[in-house]
Amino acid sequence: MTTSSAAAASPQQYLAAQIRWRPVEIAFWLAMLTPYVLTPNYLVLASQIAITALFALSLDLILGYAGIVSLGHAAFFGFGSYTAGLAAKWGWGEPLSGLLIAGLAAGLLGYGASFIIARFRHLALIMITLGLGLLLAEAANSASWLTGGADGLQGVRMWKLLGIFAFDLYGRTAYGYSLAVLFLLFLVARRLINSPFGLALRGIRENASRMPAIGAASSGYIRKIYTIAAAMAGVAGALLAQTTETVSLETLSFQRSADVLVILILGGAGRLYGGIVGAIIYMVARDQFSGINPQYWYFWIGALLVAVVVFLPNGILGGLARLLPAGGRA
Amino acid sequence: MAGLVPAISLRLAQCSPRRDARDTSAFTRVFDALCAGMTTERAIRYGAYYHHAGCGVIGSAFGVLFDGFAYGMLLFLLSVGLSVTLGMMNFVNLAHCSFAMLGGYVTVTLTNALDWPFLATLPAAFLAAALLSVVLERVLYRRLYRASDLDQCLLTIGIVFMSVAIAAYIYGTIQQPVKLPSYLRGSVSVIGQTLGTYRLFLIVTSLVVAAILVAALEFTRFGAMVRAAVDNQRMARGLGIDVDRVFAATFALGGGLAGLGGALAIEIVGLDHTFAFTYLVYVLIVVAVGGLGSIAGSFAAATLLGISDMAGKYYFPELGAFLIYLVMVALLMWRPAGLFGRR
């Protein structure tokens with residue numbers, strides 16, 4: 001992916017070169033703070049973008065790096081969402097520990113599912129992830145005594161963040177909170193990808209049968225990354241539940257799984273910033289278009305998908321990287 | 001209130017397909033529940049419960065089997081084309097149900113706006129869907145035969161999004177009614193059992209189509225070429241078979257069958273702009289469970305799925321679609337390549 005001279009040196013040097021912070025990255029994260037000054041009326045949207053970006057980042061870990069195509073990733077998002085929502089409803093409205101509980105719960109679910117996931121490839125894998133996602137959505141729909149069913153989970157009351165910042169209608173706390181969590185988990189993902197573990201994942205993506213042949217059995221790696229990605233998706237779901245103080249069945253839906261896949265592909269899968277850039281473009285465009293007519297919106301997103309697949313096989317960031325070989329791996 | 005009645009009657013039919021959805025006692029229940037402040041969805045489930053409770057044939061296993069089989073035949077028509085094209089080119093065409101939706105809308109338009117008889121619109125639905133699929137195949141799909149699964153999924157999901165938006169733009173978001181001729185309505189009595197005439201017609205049509213399909217694949221030169229291409233594409237090319245052209249023809253045939261299925265589906269499951277999405281899941285389940293490229297597999301999987309879905313909705317309505325997803329995951333874990341799959 002990067003220059004061959006770096007790869008030709010020792011693996012340690014290659015990883016060290018990857019992990020160095022580039023000026024464009026620092027500028028990117030500083031720019032993420034500007035909504036407070038430039039668009040203070042859109043902070044609610046901005047917090048939704050940060051949450052979606054985190055969700056897309058979690059999918060990127062398994063799809064972009066390990067090559068596991070999942071059509072049911074919303075299962076973990078929704079599971080985390082309901083866990084955090086229920087914790088708050090039952091009287092524990094502390095946001096940070098709620099986030100932790102939701103992440104652990106979704107991670108546990110992901111760990112269980114990973115034993116199934118690691119056994120399959122190709123169409124069977126896609127169908128099983130889809131089926132597991134639909135199963136969970138149906139279960140949540142049936143258990144309306146617990147989840148509120150189609151009415152959504154009501155009565156979620158959050159305490160003040162760190163005991164200081166109350167969640168307000170303008171999303172000031174929500175955006176700062178979501179952005180901080182996104183940044184922290186981004187650091188985790190960045191460290192993970194630029195480690196020997198991350199290299200092994202890319203090996204699995206490139207050739208699943210050669211990895212065992214060179215002595216790295218792939219199923220253990222797949223189980224680990226799947227668990228991590230599930231926990232991360234659960235945290236994203238929990239953020240949504242906490243910042244909106246409600247949980248709906250839509251968090252588990254196939255639509256959400258498909259949307260996040262589209263977001264990641266638009267941005268560029270297999271790139272750390274792909275999910276984030278995709279989320280920004282997708283959510284801002286949806287906000288603008290759906291004001292005009294929500295049905296047209298799906299026409300344009302469909303047309304965009306077709307165009308990206310036919311003309312920009314590596315997503316928007318991949319296309320940029322081809323145009324600007326120097327700025328490279330943004 | 002007026003717009004609510006067809007919507008509720010359709011949801012009732014989906015929850016409890018055995019009974020005539022215009023059953024007034026179930027309606028009264030739904031309206032009572034609505035007035036009592038329940039959400040629409042819950043009120044409908046509540047109504048649907050009484051809907052079958054008031055239905056004398058609840059114990060009739062034969063009735064469930066019959067309806068489930070009819071539903072399974074519908075799924076077979078919708079999915080067989082996808083199964084064969086997936087088996088031949090490994091092309092994941094998620095837009096398959098968009099072709100079915102086109103067939104449905106062709107039938108609705110022709111019967112309602114132009115007063116064509118229902119039976120005459122079926123070939124038109126087939127041809128329209130076949131034409132669209134061959135155009136898409138030549139223009140877009142052929143570029144991606146060697147691309148990854150993921151790229152193919154994304155391109156075709158993009159087409160699904162576009163088709164859903166176009167359908168909503170032209171026809172709006174309401175359920176489309178279809179005018180059936182009188183001889184397809186009502187029910188007939190066969191050996192003491194009351195069977196819906198339309199479902200009987202659906203079963204006979206599907207069986208005839210399946211028989212023609214099997215005969216064409218087994219006994220014609222074109223069928224032999226298709227089988228060769230599914231079994232071993234490179235070998236078939238080596239023997240001088242123009243696999244691309246065979247594929248285009250098969251693709252058109254599969255798209256046409258989906259269009260026919262879409263037209264026949266309106267009376268059973270309804271038609272609105274989300275059809276391409278809703279039934280995509282069912283079609284994928286049939287294909288994955290049946291095994292790629294196998295007509296017998298699609299037939300078996302569609303029957304199994306239709307009956308278990310119907311039995312689930314009928315005996316355990318509170319579980320919803322839970323049962324069929326469970327059946328699918330269990331079957332795939334047992335046989336990842338599907339019931340009849342070889343890879």
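A residue counts as buried if 20 or more other C-beta atoms lie within 10 Å of its own, exposed if 12 or fewer, and partly exposed in between, with C-beta atoms placed from the backbone. Helices (H or I, at least four residues) and strands (E, at least two) are DSSP runs, numbered from the N terminus.

With that in hand, look at α11(A). A:Pro196 and A:Glu206 are exposed on one side of this helix, while the buried residues of α11 (residues 196–206) of chain A are A:Gly198, A:Ala200, A:Leu201 and A:Ile204. Seen down the axis of α11(A), those buried residues fall within an arc of 160° (taken over the directions from the helix axis to the C-beta atoms), so they line one face of the helix. They pack against α5 (43–65), α10 (172–193), α12 (210–213) and α13 (218–244) of chain A.

A word on what you're looking at: this is a predicted model, where local features need pLDDT of at least 70, side-chain atom pairs count only at pLDDT 80 or more, and totals for chains, interfaces and linings use all residues. Residues are numbered from 1 along each chain as its sequence is written, and chains are lettered from A and ligands numbered from 1 in the order in which they are written.

As for pLDDT (the predictor's confidence in each residue, from 0 to 100), chain A averages 83, and 94% of its residues score at least 70.

| Stretch of chain A | pLDDT | Contacts beyond four places in sequence |
|---|---|---|
| residues 1–6 | under 50 | five contacts |
| residues 326–330 | under 50 | nine contacts |

Elsewhere in chain A, the axes of α14 (residues 254–267) and α15 (residues 274–292) come within 7 Å and cross at roughly 110°. Axes are lines fitted to C-alpha atoms over the stretch in contact, with angles from 0 to 180 degrees between N-to-C directions. That makes α14(A) and α15(A) roughly perpendicular to each other (65 to 115 degrees). Among the residues making this contact are A:Ile263 and A:Leu264 of α14(A) and A:Ile281 and A:Tyr282 of α15(A).

Over in chain B, there are 14 helices and two strands, and buried residues make up 49% of the 343 residues. Of its contacts between residues at least 6 apart in sequence, 76% join residues at least 24 apart.

Finally, the two chains meet: the contact takes 34 residues from chain B and 33 residues from chain A. On the chain B side, α7(B) gives the most, with 15 residues.

Definitions and conventions
Two residues are in contact if their C-beta atoms, placed from the backbone, lie within 7 Å. Angles under 35 degrees count as roughly parallel, over 145 as roughly antiparallel, 65 to 115 as roughly perpendicular and the rest as oblique.
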